[in-house]
Amino acid sequence: MVENSLSGRKEDILIVVIQFYLATGMPVGSRAVSDNHKLGLSPATIRNEMAELEEIGYLNQPYTSAGRIPTDKGYRYYVDCLMRIKRITKKEIERIEREYIAERKKLELAVTLEEIMGRVSQALSDLTNYTGLALFPEIRNDKCSRKKRLCLEGIWHILNYPEFHDIDSIKKMFEAFEKEYQIREILNEDIEQEGIHIRIGSENKYCELHNCSLVTSRYGDEDEVRGSLGIIGPVRMDYKRVVPIVSFLAETITRILSDG
């Protein structure tokens, strides 16, 4: 959660910086903010406000004389206080129904839980262009197994983002995928809590995930929570679009498994 509230002016500038950075991946200068958005503020005023946002930890200047980028703290404030979540579109809903879960809705018993969750994680990846995650129980004959399996789809999406073009970032990211227990542990924690969970950069307890954000949700009925699902991608993530997709798929899978 955020520590303090920002003034309306600082909030407006933070939103603009985040939106600009999400779109371009480039540090944002005061002139760019002034030229591209009608805030009614001079470049000098915007520059001073951005300097104050940097001083209190919401923005960072990666290079001397460069513009600024949001910090993890800045993204957290945006997610908790400023973000207006987009609604999942009718086209996206139809695509999910048609391409990923139609067979299970027909109750074809040959479709296993592993296949269902594989489709779900693939849907998450395809719809967001990030890596889809799904944690699900391993069903054994004695039906008493507590072991859970992790499905990852779209791992190579991560290479499409400039944040992961240097060798160190790539190495850390794939170390995280290889250390599967770290991601499994995070998803397992979310099974105990309702709603969407967003972990931004350094909020992740494992250093391999400090360049990433995770958006996750549990799925299952009230009597027997079955697992959790979500996506992993760069901190520079379109959170307002990702959240409704993760939420919709969690609700849909909960309904399908309850009906089945």
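I began with the secondary structure of this predicted model, and I counted ten helices and seven strands in the protein.

Next I looked up burial and surface, and noted that buried residues account for 47% of the 260 residues, while the accessible surface comes to about 13,700 Å², with 46% of that area belonging to carbon and sulfur atoms. For the contacts between residues at least 6 apart in sequence, I found that 58% join residues at least 24 apart.

I then turned to helix α9, residues 180–190, and asked which of its residues are buried. I listed Gln182, Ile183, Ile186, Leu187 and Asp190. These residues lie on the same side of α9, because they cover an arc of only 130 degrees around the axis. I recalled that an α-helix has 3.6 residues a turn, so residues three or four places apart point the same way. Looking for what covers the buried residues of α9, I found that the cover includes helix α8 (167–178), and also the strands β3 (131–137), β4 (148–153), β5 (196–200), β6 (212–220) and β7 (225–234).

My last entry concerns the largest nonpolar core, which has 76 residues, and to which helix α10 (residues 239–259) gives the most, with eleven residues. Within this core I noted Met117, Met173, Val215, Leu229, Tyr239 and Ile253 as the residues with the most contacts.

How values were computed. Residues numbered from 1 in each chain as written. Predicted model: local features only at pLDDT ≥ 70, side-chain atom pairs only at ≥ 80, totals over all residues. Heavy atoms only, no water. Helix = DSSP H or I, 4+ residues; strand = E, 2+ residues; numbered from the N terminus. Buried < 20%, exposed > 50% of the residue type's maximum accessible area, 1.4 Å probe, protein only. Contact = heavy atoms within 4.5 Å. Areas by Shrake-Rupley, 256 points an atom, 1.4 Å probe, with all protein chains shown as cover. Arc of directions from axis to C-beta. Core = buried A, V, L, I, M, F, W, Y, C linked by side-chain atoms within 4.5 Å.
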